[in-house]
Amino acid sequence: MRAKRPLREPVRDAPGPKLKNYITPAGLQRLKDEHRFLLNRERPAMTQVVAWAAANGDRSENADYQYGKRRLRQIDSRIRFLTKRIDAAEVVDPAAPRPRSAATRVFFGATVTYKDAAGREHVVRIVGIDEVDLNRRYISWISPLARALMKSTPGDRVAVHAPRKTEHIEVLDVEYAPIPMDPFREPPGAEAASRRAGPTPP
């Protein structure tokens, strides 16, 4: 009779290094403010809504209950995401003093002026993944443009490798200064905000 071989545990790859979440002080504060709002105000308020809806009869046909449960899942998912981003945060202050050799080189937090192939000038600020604002020209430090600019100095010409084309640009100026960041604001439809405003009159 053939002896049975012991079952083997599946081979698991060793976890790779975690990507650091470089972020400005103002950007981290915005994440913390949203996390605090969801955990201490929005989630408790929505939990009350779900409890109220559950007391109103058949849950399978209760639209308020179904919506409340779905919204709670969304809130919990966002809280988990924010927790991970905050725990992985590596705070870099763009306005902090730095050695002269680094003050004119492009790193995280730099405000960079460059000229494209057509001669047009552009200004970008290199920020964290959670701080990107294309309207303000705040670009992520892992974007193709930021990667191309890293460690360059005024006068350098660099190649930006984008998915569809490669563009050559010239660095004109590198500056380190505070980067304005919009604070977290409660969303207009937040359950906590609507409860604070009071019940809607009939």
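β4 and strand β5, residues 138-140, run parallel, joined by 3 bridges. R125 stands opposite Y138 in β5. Keep in mind that this is a predicted model.

β4, residues 121-127, also pairs with strand β3, residues 111-115. That pairing is antiparallel, over 5 bridges. V112 has V124 in β4 as its bridge partner. The hairpin of β3 and β4 has 5 residues between the strands, and there G119 takes a positive phi near 90°.

Next, β6 and β7. Strand β7 covers residues 166-175 and pairs with β6 in the antiparallel sense, over 5 bridges. The hairpin between β6 and β7 runs through 4 residues. V158 stands opposite I169 in β7. In a regular strand, side chains alternate between the two faces of the sheet. In β6, residues 157-161, V158 and V160 make up the covered face. R157, A159 and H161 make up the uncovered one.

Now the rings. How many aromatic pairs does a search of the whole structure find? The search finds 3. One of them is Y22 with F108: tilted, 6.0 Å centre to centre, 40° between the planes. Y22 lies in strand β1 and F108 in the loop between α3 and β3, so the pair ties together parts 86 residues apart in sequence. F108 counts as buried, at 9% relative accessibility. Y22 is partly exposed, at 25%.

Y22 also pairs with W141: centres 5.0 Å apart, planes at 85°, so edge-to-face. W141 sits in the loop between β5 and α4, 119 residues from Y22. W141 is buried, at 15%. Together, Y22, F108 and W141 form one aromatic cluster.

Last item: the charged end of R98 sits over the ring of Y176, 3.7 Å from its centre.

Key: Residues numbered from 1 in each chain as written. Predicted model: local features only at pLDDT ≥ 70, side-chain atom pairs only at ≥ 80, totals over all residues. Heavy atoms only, no water. Pairing = 2+ DSSP bridges. Helix = DSSP H or I, 4+ residues; strand = E, 2+ residues; numbered from the N terminus. Buried < 20%, exposed > 50% of the residue type's maximum accessible area, 1.4 Å probe, protein only. Phe/Tyr/Trp six-rings, centres within 6.5 Å; stacked < 30°, edge-to-face > 60°. Lys NZ or Arg CZ within 6 Å of the ring centre and 35° of its normal.
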